[in-house]
Amino acid sequence: MADNMAIDLKEAQRVILQRCEVLPEENVPLDVSLHRYPARSLKALMPLPGFDASLRDGYAIAKPGKEEGAEECFRVVTEVAAGDIRKIRLAHGEAVRIMTGGLIPAGCQGVVPQEQCQVDKGNVLVPKQYLQKRGFFIHAKGADLKKNQTIIARGISICPEHQIDLAGVGYSMLPVRQRAKVSFFCSGSELVAPGKAKVAGEKFSANPSLLQSLLALAGANGENCGTVSDDIEGVCHLFND
């Protein structure tokens, strides 16, 4: 190419960007949104977790009772499994058997892991060290995400870690930009398509595979237009097709 026809890289980028338009918006299922770009910032629809949950299998205990020895002994009043939606309130000196992920009852001071407890005739004995703390082994409501907290900003590629948070706060469909279609070709008189025979002085063209993968990571659809020799006429012909 003649020197008077060449432009520098920054100018070329500026010219290209001037001609770019924002692609329309579309809604896609969350599970096929990987590497897509949100049309707007996506915020938490609710706190995550949505309730105070147990981090251990064990016993959710209330404050100790006032009777002698109650600082260690709690009466087990019921059992709470994961998915149990009952609203339970503990009185002083009471405890519930609770599983990991179970809903923390009102009045609970904390959860004592089962391996730290002794159970005897409907009572549970708790080491005194747990009675000096609050909130132990409780995954507090909103500890991971507050309601309306931004999970992913507009223009950021959606990754698996975004997907799990988006699912956790109730998203099933996401507003994203439509995929760009990007046509590309590789130039080089020495290049031979993989799978074809080559001789000394030639080499297999590996860049098309790389470009297809990079475009997929960028959320675009790539179209391989093939390979062209190192001459202006061949390149211009390809652009005109």
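Predicted model: local features only at pLDDT ≥ 70, side-chain atom pairs only at ≥ 80, totals over all residues.
**Helix 1.** Select residues 9-18, which form helix 1. This helix is hardly covered: of its ten residues, the number that are buried is zero. At the start of the helix, a side-chain oxygen of Asp8 comes to within 3.4 Å of the backbone nitrogen of Lys10.

**His35.** Move to the loop between strand 1 (25-29) and strand 2, where His35 sits. His35 is not a glycine, yet its phi is positive, about 70°. The residue is partly exposed, with a relative accessible area of 22%.

**Leu48 and Pro49.** Next, display the backbone of these two residues. The peptide bond from Leu48 to Pro49 is cis, and its omega is near -5°. Pro49 belongs to the loop that lies between strand 2 (42-43) and strand 3 (53-54).

**Arg97.** Select Arg97 in strand 6 (residues 94-98). What is the nearest side chain of opposite charge to Arg97? It is Glu79, 4.8 Å away. Now show Gly58: its backbone oxygen lies 3.3 Å from a polar atom of the Arg97 side chain.

**Phe137.** Go on to the loop between strand 9 (123-125) and strand 10 (138-139), which holds Phe137. Here is another residue to check for its backbone angle: Phe137 has a positive phi of about 55° and is not a glycine. Its relative accessible area is 27%, so Phe137 counts as partly exposed.

**His162.** Select helix 2 (residues 160-168) and pick out His162 within it. Is His162 buried or exposed? His162 is buried, because its relative accessible area is 15% and the cut-off for buried is under 20%. Not counting residues up to four places away in sequence, His162 touches Ile151, Ile152, Ile156 and Ser157.

Finish at helix 3 (residues 207-217), which includes Leu217. Leu217 is partly exposed, at a relative accessible area of 47%.

Note on methods:
Residues numbered from 1 in each chain as written. Heavy atoms only, no water. Helix = DSSP H or I, 4+ residues; strand = E, 2+ residues; numbered from the N terminus. Buried < 20%, exposed > 50% of the residue type's maximum accessible area, 1.4 Å probe, protein only. Contact = heavy atoms within 4.5 Å. Lys, Arg positive; Asp, Glu negative; His and termini not counted. Salt bridge = Lys/Arg side-chain N within 4 Å of Asp/Glu carboxyl O. Polar contact = N/O pair within 3.5 Å; in protein donor to acceptor, adjacent residues only side chain to side chain.
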